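Open the model in your viewer and keep the sequence panel beside it. The stops below say what to select next and what is there.

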Amino acid sequence: MFKTVLTLFRGTVAVAEEELQDRTALVILDQQLRDAAAAVERSKRALALAIAQDQQEGRRLEVTMARIADLEVRATAALDGGREDLAREAAQAIAGLEAERDATRTARALFATEIARLKKHVANAEARIAELDRGRRIARASEAVRNLRRGGIEAARPYECTLPEAEATLRRLRERQIEAQAADEALVELDAATGPITTAEKLAEQGFGPRIKTTADDVLARLKAGRTTPAN
């Protein structure tokens, strides 16, 4: 009997563990993808640093080669002028620059190897992340469909709202929004009609230039003129 109970307990634990893994699989996958994306970003930064350092070494190599060429010309001129002492000094400087040149070339070769490796690694990782992301979207959609099939779209509990109730709430909300918008527009028109007097209007009221707004006196004068005009 004890063995049966122990086996039942182990089986229950195993089932609970599987259910927990199933429920949290998408959450775990999301975090794993975020971790992988962060690792790729670190690789990209390392790649950018390697490229920048390689470019720096390239510029240093160009300067070194130019200095070597210049000193060789000057050393040759010194030999032609009988100044072997100066030529020897130039030769020593050239030897040091050639050592610098060789070290720079070695560094660039190392950077080239590392850049190629990082580019391949980043491209491969990005492709794998893209594939995982596509699979995650499919899995999430499948899980959503499974939940819909299992739970149903309509509410099954008395305290839950139904779709018709939500639609009615939305209609009421839209009606209130339309009313509020109409009120706002009317208020804007009212403000525009009764807004502050502009400088041009002040000048017009003082008789400087034609009137901007029609006044009651203007309307009355127009009506009187119409009465006195003889009919054709």
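The structure holds 13 salt bridges, a salt bridge being a side-chain nitrogen of Lys or Arg within 4 Å of a carboxyl oxygen of Asp or Glu. Side chains of opposite charge can pair when their charged atoms come close. This is a predicted model, in which local features need pLDDT of at least 70, side-chain atom pairs count only at pLDDT 80 or more, and totals for chains, interfaces and linings use all residues. Residues are numbered from 1 along each chain as its sequence is written, and side-chain values use heavy atoms, with hydrogens and water left out.

**Stop 1**

Select Arg136 and Asp30. They form a salt bridge in which the closest N and O atoms are 3.2 Å apart. Arg136 belongs to helix H2 and Asp30 to helix H1, 106 residues apart, and the pair links distant parts of the chain. Helices here are DSSP runs of H or I with at least four residues, strands are runs of E with at least two, and both are numbered from the N terminus. Arg136 is partly exposed, with a relative accessible area of 21%, while Asp30 counts as buried at 13%. The cut-offs are under 20% relative accessible area for buried, over 50% for exposed, and in between for partly exposed, with a 1.4 Å probe and protein chains only.

Next, select Lys44 and Glu126. Their side chains meet in a salt bridge, at 2.6 Å from N to O. This pair also links distant parts of the chain, with Lys44 in helix H1 and Glu126 in helix H2, 82 residues apart. Lys44 has a relative accessible area of 32% and is partly exposed; Glu126, at 34%, counts as partly exposed too.

Then select Arg108 and Asp54, whose side chains meet in a salt bridge (3.1 Å, N to O). Arg108 lies in helix H2 and Asp54 in helix H1, so the pair ties together parts that are 54 residues apart in sequence. Is Asp54 buried or partly exposed? Asp54 counts as buried, at 13% relative accessibility, whereas Arg108 is partly exposed at 31%.

**Stop 2: the nonpolar cores**

Select Leu47, Ala50, Ala107, Phe111, Ile115 and Leu118. These 6 residues make up the largest nonpolar core. A nonpolar core is a set of buried Ala, Val, Leu, Ile, Met, Phe, Trp, Tyr and Cys residues joined through side-chain atoms within 4.5 Å. Colour helix H1 (2–80) and helix H2 (84–151): these are the elements that give two or more residues to this core. Which of them gives the most? H2 does, with 4 residues.

Centre the view on Ala50. Leaving aside neighbours within four places in sequence, Ala50 is in contact (heavy atoms within 4.5 Å) with Phe111 and Ile115. Apart from this core lies another, of 5 residues, including Leu33, Val40, Val122 and Ala125.

**Stop 3**

Select Thr104, which is found in helix H2. Thr104 is buried, with a relative accessible area of 1%. Beyond its neighbours within four places in sequence, Thr104 is in contact with Glu57, Arg60 and Leu61.

Move to Leu29, in helix H1. Leu29 counts as partly exposed, at 22% relative accessibility. Draw a distance from its C-alpha atom to that of Leu132: the separation is 9.0 Å, for residues 103 apart along the chain.

**Stop 4: the whole chain**

Zoom out and show the secondary structure. It comes to 5 helices and 0 strands, and from the N terminus on the elements run α-α-α-α-α. Of the 232 residues of the protein, 14% count as buried. Among contacts between residues at least 6 apart in sequence, 69% join residues at least 24 apart. The accessible surface comes to about 18,800 Å², of which 59% belongs to carbon and sulfur atoms; areas come from the Shrake-Rupley method with a 1.4 Å probe, and for residues only the protein chains shown count as cover.

Finally, colour by pLDDT, the predictor's confidence in each residue, from 0 to 100. The mean for the protein is 78, and 65% of its residues reach 70 or more. Among the elements, helix H4 (residues 199–205) has the lowest mean pLDDT (63) and H2 the highest (88).
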